[in-house]
Amino acid sequence: MLNPEKKARYDEIAENYKRVTDQIAEAVVRRGGAPVTLLAATKTVPADEIEFAITELGLSFVGENRVQELVSKYDTLRLARGVHMIGSLQTNKVRQVVGKADMIESVDSRHLADEISRQSVRLGVVSDVLCEINSGREAAKGGVFPEEADDFVSYVEALPGIRVRGLMTMAPKCTEKCEYLKYFSETYQVFIDISAKKSHNVVEPVLSMGMSDSYLEAIASGATLVRVGSAIFGARYYPPKQI
């Protein structure tokens with residue numbers, strides 16, 4: 001028997017999840033019916049709430065921003081069909097992710113790709129990855145600029161132990177939702193151009209764009225996967241730092 005506070009929390013998640021999935025379904029119809037995968041970003045979300053969303057609501061894909069959380073919550077995360085690493089990944093932590101994450105979305109440099117390749121070969125696995133595009137050309141963010149994407153993808157796909165499945169972008173924070181469209185549209189065009197060249201190598205190519213504040217704009221621009229966190233689970237909770 002759930003206590004009233006926990007029941008209210010689960011009811012809130014269920015209501016949010018239905019709203020998000022309904023909006024995605026409507027957005028898919030508006031753009032012509034091409035399917036979109038919903039990935040729930042579970043940063044700071046307790047394991048029991050993730051398990052509820054997977055087992056009771058039908059959530060199929062989850063993604064973690066932090067390696068520590070992916071590892072600590074892995075027994076719960078793997079109840080889903082797919083576990084993705086969606087946050088910035090340091091090379092010294094690749095060993096903890098390869099073999100656990102079904103997809104690494106944030107491959108933002110050749111150096112990181114080299115290490116994923118090395119660890120994948122060591123374990124005898126093939127790691128599915130997305131190459132990250134810095135659509136806003138922001139110095140503080142990882143990823144390659146759109147005009148560098150073709151060369152970067154060619155480099156990564158030639159590495160052993162890696163299978164490039166597509167692209168991912170983190171758009172800049174925009175004050176107006178319509179502003180996201182220019183970043184997503186440019187990334188979509190890069191995705192289409194590269195997919196046409198690599199069609200013999202990529203099965204079911206993935207374009208991961210959009211988060212809680214922009215997933216509808218991402219779908220309108222051609223995303224095949226959206227990463228939604230707070231719109232499902234509410235505002236993230238960060239425990240106070242110990243002094």
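This is a predicted model: local features need pLDDT of at least 70, side-chain atom pairs count only at pLDDT 80 or more; totals for chains, interfaces and linings use all residues.
Me: Which residues make the contact between α1 and α2?
Reply: From α1 you get Lys6, Arg9, Tyr10, Ile13 and Ala14, and from α2 Asp48, Glu49 and Phe52. By class, that contact of α1 with α2 has four nonpolar, no polar and four charged residues.

Me: How do you know that Arg9 and Glu49 form a salt bridge?
Reply: Their closest N and O atoms are 3.0 Å apart, and the cut-off is within 4 Å, so the pair qualifies. Arg9 sits in helix α1 (residues 4–31) and Glu49 in helix α2 (residues 47–55), 40 residues apart, which makes this a link between distant parts of the chain. Arg9 and Glu49 also belong to a network of salt bridges with Lys6, Glu12 and Asp48.

Me: Why is Glu49 called buried?
Reply: Glu49 has 5% relative accessibility. Buried means under 20%, so Glu49 counts as buried.

Me: What makes Lys73 and Glu64 a salt bridge?
Reply: The closest N and O atoms of Lys73 and Glu64 are 2.8 Å apart. With the limit set at within 4 Å, they count as a salt bridge. Both Lys73 and Glu64 are buried, too. Using this rule throughout, the count comes to 18 salt bridges.

Me: Where do Glu115 and Arg118 lie, and how do you know that they form a salt bridge?
Reply: Both are in helix α6 (residues 110–123), three residues apart, about one turn of the helix.

Me: Are Glu115 and Arg118 buried or partly exposed, and why?
Reply: Glu115 comes out at 16% relative accessibility, so Glu115 counts as buried, the limit being under 20%. Arg118 is at 48%, so Arg118 counts as partly exposed; exposed would need over 50%.

Me: Why are α7 and α8 called oblique?
Reply: Helix α7 (residues 149–157) and helix α8 (residues 180–197) pack at an angle of about 45°, with their axes 10 Å apart. Roughly parallel needs an angle under 35 degrees, and roughly perpendicular starts at 65, so α7 and α8 end up oblique. The crossing of α7 past α8 is right-handed.

Me: What meets what between α7 and α8?
Reply: Ala149, Asp150 and Val153 of α7 meet Val190, Ile194 and Lys197 of α8. Sorted by class, the contact of α7 with α8 has four nonpolar, no polar and two charged residues.

Me: Where is Pro160, and why does it count as partly exposed?
Reply: Look in the loop between α7 and β6 (162–169). Pro160 has 48% relative accessibility, so Pro160 counts as partly exposed, since buried means under 20% and exposed over 50%.

Me: What does Pro160 touch, not counting residues up to four places away in sequence?
Reply: Pro160 touches Ser117 and Val121. The C-alpha atoms of Pro160 and Ser120 are separated by 8.1 Å, with the two residues 40 apart along the chain.

Key:
Residues are numbered from 1 along each chain as its sequence is written. Side-chain values use heavy atoms; hydrogens and water are left out. Axes are lines fitted to C-alpha atoms, for helices over the stretch in contact, and angles run from 0 to 180 degrees between N-to-C directions. Helices (H or I, at least four residues) and strands (E, at least two) are DSSP runs, numbered from the N terminus. Angles under 35 degrees count as roughly parallel, over 145 as roughly antiparallel, 65 to 115 as roughly perpendicular and the rest as oblique. A crossing is left-handed if the near helix is turned anticlockwise from the far one by less than a right angle, and right-handed if clockwise. Contact means heavy atoms within 4.5 Å. Ala, Val, Leu, Ile, Met, Phe, Trp, Tyr, Cys and Pro count as nonpolar, Asp, Glu, Lys and Arg as charged, and the others, Gly among them, as polar. A salt bridge is a side-chain nitrogen of Lys or Arg within 4 Å of a carboxyl oxygen of Asp or Glu. Buried means under 20% relative accessible area, exposed over 50%, partly exposed in between (1.4 Å probe, protein chains only).
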